[in-house]
Amino acid sequence: MSKIKQVSYSQYSLWKSCPYQWKLRYVDGIKTSEPSIHTIFGTAMHEALQLYLQCMYNFTIKDADEIDINDLLRRKMKEVYTKEIVETKKLDLISRDDMVEFYQQGEEILDWFKKKRNQYFSKKGWSLVGVEDKLVIPIRGELHFLGYLDVVMKDEISNKIKIIDLKTATMGWNKYQKADDVKSDQILLYKEYYSQQHNVPVENITVEFLIFKRKLYENFDFPQKRVQRHVPANGTPSMNRMRMRFNEFLDACYDKDGTIKDVTYEKCVGKCKAYTKCKTL
């Protein structure tokens, strides 16, 4: 069975940042990014949080609290580090000190989250639909949209669906990151295609980002939260603008039958935010 042609949010995001880098990665098959401590930590933190939530909703809160998710975080960070750094002999990319620092910050996040968990996840009236819920939706010709939803919840009273995307960040998202349309488009795309795949009216789906902070401000006068909730605008106008932006990407890169267009891509010019990296490729 042949592999389906697919497009993802990460492809769209890269194209919005730099069409030339998109071409290198998805047309020429040249990898333009390297693993980092941020991606290793993010992968491990996702798995730790998702396991906790699965245990909490499928069994009991007590069972979830008894899981050693700190140890899971440590083992997963080590596993990803071994695969992406040690086995590929890229030891210069991440130091042992980086691993220790990020792991300790992860412990602080998880310990805080377990104490404040009820502010973000409650069993009263809510059920867990799934984690890493896979979306595969045909969008043009043989081309499919592929996505994995971090957490999907169901409100048992209203029957509405909530899609939650988990993020890790140094100190949360600032107002510019919250206002970034491309960031918001990720979860709006998930809302759009979840509706289609599961035949749920789009107006019955809510979305939010939960951003887990590695660091807190020093000498701050008020208690700080390790988790930041961000609900992007996701009503009809916002969904329509997202569709327009995503279709702009599809029209620029793919024919109506889903094949990649034969287009010449130039390296970034000085005004492009990806120029510093692009000029070295």
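# Reading a predicted fold

Student: Is Cys18 buried or exposed?
Tutor: Buried means under 20% relative accessible area, exposed over 50%, and partly exposed in between, with a 1.4 Å probe and protein chains only. Cys18 has a relative accessible area of 0%. So Cys18 is buried.

Student: What am I looking at, and how are residues numbered?
Tutor: This is a predicted model, where local features need pLDDT of at least 70, side-chain atom pairs count only at pLDDT 80 or more, and totals for chains, interfaces and linings use all residues. Side-chain values use heavy atoms, with hydrogens and water left out, and residues are numbered along each chain as its sequence is written, from 1.

Student: How many disulfides are there?
Tutor: A disulfide here is a pair of cysteine sulfur atoms within 2.5 Å. By this rule the count is zero.

Student: How far is the sulfur of Cys18, the nearest cysteine sulfur, from Cys253?
Tutor: Cys253 is in no disulfide. Cys253 also counts as buried, because its relative accessibility is 0%.

Student: How many helices and strands does the protein have?
Tutor: Both are DSSP runs, numbered from the N terminus: helices are H or I with at least four residues, strands are E with at least two. The protein has 10 helices and six strands.

Student: What radius of gyration does the protein have?
Tutor: The radius is taken over C-alpha atoms, and the globule rule is 2.2 Å times the number of residues to the power 0.38. With 281 residues, a compact globule would therefore come near 19 Å. The protein agrees with that, at 20 Å.

Student: What share of the 281 residues is buried?
Tutor: The C-alpha atoms fill a box of roughly 55 × 50 × 45 Å along the principal axes. Of the 281 residues in the protein, the buried share is 43%.

Student: Which strand holds His144, and which residues does His144 contact?
Tutor: His144 sits in strand S3, residues 143-155. It is buried, because its relative accessible area is 17%. Contact means heavy atoms within 4.5 Å. Leaving aside neighbours within four places in sequence, His144 contacts Ile4, Lys5, Gln6, Val7, Val136, Ile137, Pro138 and Ile139.

Student: How far apart in space are His144 and Ile157?
Tutor: In sequence, the two are 13 residues apart. From C-alpha to C-alpha, the distance in space is 33 Å.

Student: How far apart in space are Tyr193 and Phe145?
Tutor: Tyr193 is part of helix H8, residues 181-198. It counts as buried because its relative accessibility is 8%. Beyond four places in sequence, Tyr193 contacts Leu135, Ile137, Ile139, Phe145 and Phe246. Tyr193 and Phe145 are 48 residues apart in sequence, yet C-alpha to C-alpha they are separated by 8.1 Å.

Student: What separates the C-alpha atoms of Tyr20 and Gly106?
Tutor: Tyr20 belongs to helix H2, residues 19-26. It is buried, because its relative accessibility is 14%. Gly106 is 86 residues from Tyr20 along the chain, and their C-alpha atoms are separated by 35 Å.

Student: What is phi of Asn159 near?
Tutor: Most residues other than glycine have a negative phi. Asn159 lies in the loop between S3 and strand S4 (161-169). At 45% relative accessibility, it is partly exposed. Its phi is positive, near 65 degrees.

Student: What is phi of Asn219 near?
Tutor: Asn219 lies in the loop between strand S5 (205-213) and strand S6 (227-230). It counts as exposed because its relative accessibility is 78%. Its phi is also a positive value, near 55 degrees.
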